Amino acid sequence: MKSSNKTEGTAAETTERRGDAKRNALQATTRQTPSWESVSLGLERVREHARTNPKLRFTALLHHITPELLRVAYLSLRRKAAPGVDGVTWHAYGEDVENKLNDLHSRIHRGAYRALPSRRRMIPKPDGRERPLGIASLEDKIVQRAVVEVLNAIFEADFIGFSYGFRPKRSQHDALDALAFAIEKKKVNWILDADLRSYFDTVNHEWLLRFLEVRIGDKRIIRLIRKWLKAGVMEDGLMSATIIGTPQGAVISPLLSNIYLHYSFDLWANRWRRREARGQVILIRYADDYVVGFQYEDEAKSFLAELGNRLERFGLSLHPDKTRLIEFGRYATERRAKRGLGKPETFTFLGFTHICGKNPFGAYALRRQTRRDRMRQTLQAVKEQMHKRLHHSIPEQGRWLGQVVRGYFAYHAVPSNTRAIGAFRWDIVRIWRQALKRQGQRARTSWKRMDVLAAQWLPPARVLHPWPTQRFIVNHSR
């Protein structure tokens, strides 16, 4: 069972499940080949040296970027991903792929490889704003994926247990479980819900390269990463340089993000709770989204004040409108009632609103509900897609909607969220009914008929995940 989250090397952190990155079906077949076995053995030696020698700098890494690793990287990419500025798709590159990968390997080791600018694409955010997405060229994706494989073997040994984002065999639900366990089982009375302002757009390149060089002494690897950072972006045919920031959507960006926050936030925060805190302090971070829990209010305020200064040193800042310190936990309702205040405030993390609630027996229980704005955004996207599928047959529409609902439930069907997933399913049926009415099938759009169609094609709204504290204890039995 998890010990106090204040001490260094807690059980929950040292026994977090680790492993290689998940691969798709095609990539899995490459594991059985002698070439991939040699790649895996080489990286396993790197991993072991990184684990046993925390201060070791690796001066020879580029030889691990082999044609076999490049092939594995190519197979791991999404087949239907949008092309970059080169216009090359996954399938087009697959023609004569072995010769292309050998040529790519040769250019990398000769120093002739050149990174292309990312193609910028704007995607909507739930609050109505837009987020810039950088789409790299296919060869850049391949090389980045291979470099990530090598760097993961080193930095996975360094990353702290409370860091969950984009790491091998760690998911958003692992972070949510750890947070729920801490809130329900630890002495958490205050929650710092922090948000970094435009994190990916403000990463300082020089600091990032200095952080990489703590472990990476191979200048050729550093040179590759510098090329991607300086490659620039292409938007509407115009090229613009990138002085700061990393492109969201790039294969290597999540790992670089974790490395940057490991040195700028994780190590400092872990040291702060060991040296400065009297009470318990819990930390959960998923990429640039993190939650910190405190036993005492004064320590929470002190941490927040020092955090701002710490982040400013590395070119980062807290979002003033999205960073809050709130009273939360098992005693928050009673304490606020005594002071004549209302119910405890809520906070959001990884798509769920966290609420101080009660179980059927009247005892404190953490409740998690899908964020309403995220649900509305998803339903609006489904409505737009149904308009494009207006003239498809009912079975075709039903199969597609069934996939949408199953995918949504796979993430959101957690305990205490039954009402929200039920509402989502009902809204999907309503959107389907409107589409059928626009087809002119009014005779087939009665609610009774829609109930039959929904039962035939859509999964029922039921909980698919266990209680987070139960799953956390199973995964971390110590």
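This is a predicted model: local features need pLDDT of at least 70, side-chain atom pairs count only at pLDDT 80 or more; totals for chains, interfaces and linings use all residues.

A residue is called buried here when its relative accessible area is under 20%, and exposed when that value is over 50%.

In helix α18, which spans residues 447–457, the buried residues are Met450, Leu453, Ala454 and Trp457. These four lie on the same side of α18, because they cover an arc of only 100° around the axis. An α-helix has 3.6 residues a turn, so residues three or four places apart point the same way. The opposite face of α18, turned away from the buried side, carries the exposed residues Lys448, Asp451, Ala455 and Gln456. What do the buried residues of α18 pack against? Their partners are α16, residues 394–412, and α17, residues 418–438.

Strand β11, residues 364–370, is mostly covered, since 5 of its 7 residues are buried.

Elsewhere there is an open sheet of 4 strands, in the order β2-β1-β4-β5, whose pairing is mixed. Its edge strands, each of which pairs on one side only, are β2 (130–135) and β5 (238–240). On average, neighbouring strands of this sheet are turned by 40° against each other, with direction ignored. Within the sheet, β4 (residues 233–235) and β5 run antiparallel and are joined by 3 bridges, with Val233 standing opposite Ser240 in β5.

In soluble globular proteins, nonpolar side chains tend to be buried together. The largest nonpolar core of this model holds 79 residues, of which Ile142, Leu212, Ile225 and Phe303 touch the most other members. Helix α7, residues 138–155, supplies the largest share of this core, with 11 residues. Apart from neighbours within four places in sequence, Ile142 is in contact with Leu70, Ala73, Tyr74, Leu77, Tyr93, Leu101 and Leu104. A second, separate core consists of 29 residues, among them Ile183, Ile284, Phe328 and Phe347.

Leu43 sits in helix α3, residues 34–52, and counts as buried because its relative accessibility is 4%. Although Leu43 and Val150 are 107 residues apart in sequence, their C-alpha atoms are 6.6 Å apart in space. Leaving out residues up to four places away in sequence, Leu43 touches His64, Glu149, Val150 and Ala153.

Finally, the whole protein can be considered. It contains 19 helices and 11 strands, and its radius of gyration is 24 Å, close to the 23 Å that the globule rule gives for 478 residues, so the protein is as compact as a globular protein of that length. Its C-alpha atoms fill a box of roughly 65 × 65 × 45 Å along the principal axes. Of the 478 residues in the protein, 50% are buried, and among contacts with a separation of 6 or more, 72% are between residues 24 or more positions apart.

Key
Residues are numbered from 1 along each chain as its sequence is written. Side-chain values use heavy atoms; hydrogens and water are left out. Buried means under 20% relative accessible area, exposed over 50%, partly exposed in between (1.4 Å probe, protein chains only). Helices (H or I, at least four residues) and strands (E, at least two) are DSSP runs, numbered from the N terminus. The arc is that of the directions from the helix axis to the C-beta atoms. Contact means heavy atoms within 4.5 Å. A nonpolar core is a set of buried Ala, Val, Leu, Ile, Met, Phe, Trp, Tyr and Cys residues joined through side-chain atoms within 4.5 Å. Two strands pair if DSSP finds at least two bridges between them. Axes are lines fitted to C-alpha atoms, for helices over the stretch in contact, and angles run from 0 to 180 degrees between N-to-C directions. The radius of gyration is taken over C-alpha atoms; the globule rule is 2.2 Å times the number of residues to the power 0.38.
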